[in-house]
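Me: I have a structure open and a few quick things to ask about it. Can we go through them one at a time?

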Amino acid sequence: MKMLVMSDTHGDSHVIEKVRGFYPEIDAVIHCGDSELPFAHESLVGIKKVRGNCDHEKAYPEEEIFMVNDVRIFITHGHLFNVKNSILSLSYRAKELDAQIVCFGHSHILGAEMIDDILFLNPGSLLKPRGRKEKSFAIVEIEASTFKVAFWTDDHQCIASHTFQRK
């Protein structure tokens, strides 16, 4: 099972379509907020998406929770959990929801880490990255005993990859 995870595209529908075009056979596409596009925009059709602090349309949910095979995935933008300071509040919410993967954005800083058997993933930004120059998104492969995360540029160059053991 493969998921494409992006965030913070801030009105650039072309980059969403470009990145989706790299993976026509992907199992799930996630946008962690701040698309700044209408909820029903053609670039967002079929995407699991949430509202960021720059998304004002009420059709966007604050959170999205769904299952992929036996894995519970929680998506939020992160601004309501102060993720620029700490992911502690986000961690508490993930535990309340019994999530195994948490996808979030807001900080524009890519990263992935396993904390208390929960994978926390921020794909960075496809418009205005922070902490590095590359615009980024992530591909997550869910396997029987691992979560594999690879970060890619908008030009489809691999930046980094990590494998995390799952329970």
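Me: Leaving aside neighbours within four places in sequence, what is I115 in contact with?
Reply: This is a predicted model. In it, I115 touches I87 and F120, once neighbours within four places in sequence are left aside.

Me: Which strand does I115 lie in?
Reply: I115 is part of strand 7.

Me: Changing topic: which residues line the largest pocket?
Reply: The lining consists of V83, K84, I87, F104, S107, I109, G111, A112, E113, F120, L121 and N122. Strand 7 (111–115) and strand 8 (118–122) each supply at least two residues of that lining.

Me: What does the lining have by class?
Reply: Seven residues are nonpolar, three are polar and two are charged.

Me: How much space lies in that pocket?
Reply: The largest pocket holds about 180 Å³.

Me: Now strands 10 and 11. How many bridges join them?
Reply: Seven bridges link strand 10 (residues 146–153) with strand 11 (residues 158–165), and the two run antiparallel. One of the pairs is T146 with Q165 in strand 11.

Me: What about the turn of that hairpin?
Reply: Four residues sit between strand 10 and strand 11. In the turn, H156 has a positive phi of about 65°.

Terms used: Residues numbered from 1 in each chain as written. Predicted model: local features only at pLDDT ≥ 70, side-chain atom pairs only at ≥ 80, totals over all residues. Heavy atoms only, no water. 1 Å grid on protein atoms, 1.4 Å probe; cavity = no way out; pocket = protein on both sides within 12 Å on 5 of 7 lines; lining within 4 Å. Points joined across faces, edges and corners; volume = space filled by probe spheres on them. Nonpolar A, V, L, I, M, F, W, Y, C, P; charged D, E, K, R; others polar. Pairing = 2+ DSSP bridges. Contact = heavy atoms within 4.5 Å.
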